[in-house]
Amino acid sequence: MLGPHFRVLVKPQKFHHLIGNQIKVAAAPYLLRRFHIQPPLLQSVPAGKPMDAGIEDPEKKKKKEEKAREKELKKQKALEKAAKLQTQQANASKKSEKKNVKRANEEDDNAADFIDPPTPFGKKKEMSRQMAKQYSPSAVEKSWYEWWEKAGYFVADAKSSKPPFVIVLPPPNVTGALHIGHALTAAVEDTMIRWRRMSGYNTLWVPGMDHAGIATQVVVEKKLMRERRLTRHDIGRDEFVSEVWKWKDNYGGTILKQLRRLGASLDWSRECFTMDEKRSNAVTEAFVRLHKQGLIYRDNRLVNWDCVLRTAISEIEVDYIDIKERTSLEVPGYKNRVEFGVLTSFAYPLEDDLGEIVVATTRVETMLGDTAIAVHPDDDRYKHLHGKHAIHPFNGRRIRIICDAILVDPEFGTGAVKITPAHDPNDFNVGKRHNLEFINVFTDDGIINQDGGEFAGMPRFKAREAVTEALKKKGLFKEAKTNEMRLGICSRSKDVVEPMIKPQWYVKCSGMGKGALDAAVDDENRKLDIIPRQYTADWKRWLENIRDWCVSRQLWWGHRVPAWYAILDGDKPEDFGLLDERWVVARNDEEAKALASQKYEGKEVKLERDPDVLDTWFSSGLFPLSVLGWPEDTEDLRAFYPTSVLETGHDILFFWVARMVMLGSTLGGNVPFTKVYLHPMIRDAHGRKMSKSLGNVIDPLDVVNGILLEGLHTKLSGGNLDPREIAIAQEGQKKDYPDGIAECGADALHFALVSYTAQSDKINLDIQRVVGYRQWCNKLWNAVRFAMSKLGDDYVPPSTVNPDVLPFSCQWILSVLNKAICKTVLSLESYEFSDAATAVYAWWQYQLCDVFIEAIKPYFSGNNPKFASERGLARDTLWLCLDTGLRLLHPFMPFVTEELWQRLPSSGHHNRAASIMISEYPSIVECWTNERVESEMSVIDSIVRSLRSLSQESRERRPALVLCRTMSDREIICRQQLEIETLANLSSLTVINENDAAPIGCAVSVVNESLSVYLKILGSRSAEIDLEKIRKKMEDIKLQQEKITKVMNAAGYKEKVPEKIQKANADKLESLEKEKLSLEEASQHMEAQISSNKQD
């Protein structure tokens, strides 16, 4: 008895010492319980008991001992088994540890093989010997751009015989760094340029920057005040302009760096700036020529005036806010908020004691410049006042009462309207119609001038309060009530825009506008296509109602107006510029003097140049001409004008695009481009407009390189926001980017932005989508890495591949690649960039990676001689797919495709291009198309999807059966059994027909009316769930049948509906009926199985 116990004890003790401390505590009590010394058979008889009472019956004793022995043997076996298992696990752990250590040592030894060696600047990238195991954007995207640029791949040749394809980059403002909207422009244009370059075009993509007159001046003025507590007037014009040039040199470099990092393949040899010497000469020449043609003139008109900037501003620089009720707003220069949304009514006393007439206004301070009161000619209330006068209560001026049926609505208010021709657009027109006096009551900085009488010297909104109080004192104030209104705010200074009459330079637009309109809408002679077409309606509406264009600005930064005022003896300084005929327009001082001497022969003339500068849009409107060397007759101008396409945002269709068409047609003899592609406007993920004060403006390089939240905060602090705006913006950043922005790389950003263009109006940009494409880059990387491992180091691609001899999956992948090429090229040609990106993505993701690479894995498993031929053909097809697929993807992801393409083995049968960007873009190969193979793969795909659904994506291989109701499907499945087993992860596949008994213990799914699949059930899968799915599918089919039947039974169906559609409906109904019968059969099978399970 004791022997076996002690023998067993030895092994566990030995094992116990071998294993770690973790086992000791757990095992010791167990061992002690199992191997204690048995008590002696005879014990002392307790006192008072007979001796025989303590003696056990021998038979019982024998049985008891046998049971104890059996019990101990069972325990011994269990212990031995446990000990053996522990030993195996310990040994396995040691082996694993050794293996891991060995692998780690190997990786340490070979770490250098996975790291790119340093590449000298501008040289072709030195790549690591082994592909890194994970995609890293920063590693992949370094060095390639510098090599592309230095190799001259971006430079266009004006002497080339290739057809030209030209884009002028919309010049970003020099005011700062690029934002995500600029990145969208760069992504879309780079996609076009790279595609056309690879397609055999002589591509030119011209980079440039805009001096952005008002925007830049505002930024530099803020900087000057913040850093030196000075205004531009404190330092003078020359020093201020010098400060702006410093700003340009600083931030211009930032913008160029950003464009390069984004991968934009711009022709930097033709880089330009709207205020460089050549572009400045072009601006001057354009102004002079247009003036000579009578298309530029000077006039005293109403403009949008900014009292803070002291300049006229463009309509695009005015943001309108709708005020529904009394609202107090902060206005620059005012300590207290100013109330808006108030309609003030007051009375004008009438001449000859005729009483008074009541008018109303939201800008009561402008009554100081009133010169008339308008009534409707048919309003009986005021007929007795026609031709009479009111008296101004503060200066005694006689104010005419006029009749104007165009302006006055007798049903609105009192039916009488105060007229201030110098301060209201509608009143200005009334003033012109009735020859009224135009009295400007404001200085350039919004102070009441001498015409304001007792209110002179007051800021305009202080005067508003003072005038109201004065009217009350005179008993003329009637009431002040809430009034809805639109208020114009300057987007640059945040000042309330003041309509003011000012002498300015104007471009006459009626004739040029008609030409620009016809270029886009004249079907017989259309010269310009606008994409998307919906914006042609906007083009038509704007140009049909075009007004002359004010091109002068009262700024210091910009192109000086090339006009000089002739000052003669006796002229007063305050009369400067008043007489239009005194202006001399010329290219330079010498020419101006010659013209003035000729005009004022014999008189002493002093010339003084106009201090104003030209509207930024004037120089930008000339950009397609000026970047190519106009007005000189250059090689570039002859080779590349007109350009091919303008790509920009739809928000500047009129302000920039229309003006380029007008100026290009007038000065260049033709429209400056033949197509206009308008991209959507980018918003944040919440649909809000990008704004620095909201903290949602995104620097594209922060998406490319990644940035922490603290870094985003720091950037805000370095800008021009005030502390309160910074606090709000930081809160917004905290909410949207709590962990900052992950590193995504330029390729992922490029692809995401192009994909977003399907949203034709607005893009709600979610950075997580960009992160998703960065992860997809990793999948792409791993797919190529796997492929490279299968190609081998010595692989040499063939010169040609014959699809007829390829395995089934190889024939299929080339056929669908053909379709992807076709879809991509057609989408690019029709400017449907999102569709193009989707086509490329879908082929790589869902066909190459998910199907083809998986389907060919059996050929490479263990180098089975059975698959020797298939293995070689699969290698050739795999190489062909990678080479073609990377070239197809390159315009959308330039960096990663270059890196992966360079790693592909090169065919020895022809010279490959040095870079993927100058290789040939894929085109359809007719012999690749195989509709039969695609149809068969469609059947296989349906079967695989159904089986995967049944397996619930489990990785455990199991047997399956497929029920075929047609011979054609049976033949397909038998031929492609290996593909189905591989893709559906099956241990076996059996084909059965309708006469075979229904499989037992299987989950079932109806693929279509001809096919059903059965998958062996493992574990606790519920047959009831599968039955419920089948019933739901039957319900769906029933609804489809009812819908089609209703259509087919409609009155006049046979007479009105084309035969082709009638046949399609009938075929669909028949197909649904067959599928319904198959589902009913599967339902019966599942019900029988459930019933059988219940009986068991």
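Among the contacts in the chain with a separation of 6 or more, what percentage is accounted for by residues 24 or more positions apart? In this model, which is a predicted one, such residues account for 76% of those contacts.

Let me place that figure in the context of the chain. The secondary structure comes to 35 helices and 33 strands. Of the 1096 residues, 50% are buried. The chain exposes about 54000 Å², and carbon and sulfur atoms supply 50% of that area.

I turn now to one helix, α23, which covers residues 745–756. From its first C-alpha to its last, α23 reaches 17 Å, close to the 16 Å expected for its twelve residues at 1.5 Å a residue. Is α23 enclosed or open? Twelve of its twelve residues are buried, so α23 is largely enclosed by the rest of the structure. Those buried residues include Asp-747 and His-750 as well as Leu-749, Phe-751 and Tyr-756.

My last item is a helix pair. Helix α10, residues 277–292, packs against helix α19, residues 653–668, with the axes 11 Å apart. The angle between them is about 75°, and the two helices are therefore roughly perpendicular to each other. On the α10 side, the contact involves Ala-286, Arg-289 and Leu-290; these meet Leu-663, Thr-666 and Leu-667 in α19.

Thank you for your attention.

How values were computed
Residues numbered from 1 in each chain as written. Predicted model: local features only at pLDDT ≥ 70, side-chain atom pairs only at ≥ 80, totals over all residues. Heavy atoms only, no water. Helix = DSSP H or I, 4+ residues; strand = E, 2+ residues; numbered from the N terminus. Expected span 1.5 Å × (residues − 1). Buried < 20%, exposed > 50% of the residue type's maximum accessible area, 1.4 Å probe, protein only. Axes fitted to C-alpha atoms, helices over the stretch in contact; angles between N-to-C directions. Parallel < 35°, antiparallel > 145°, perpendicular 65-115°, else oblique. Contact = heavy atoms within 4.5 Å. Areas by Shrake-Rupley, 256 points an atom, 1.4 Å probe, with all protein chains shown as cover.
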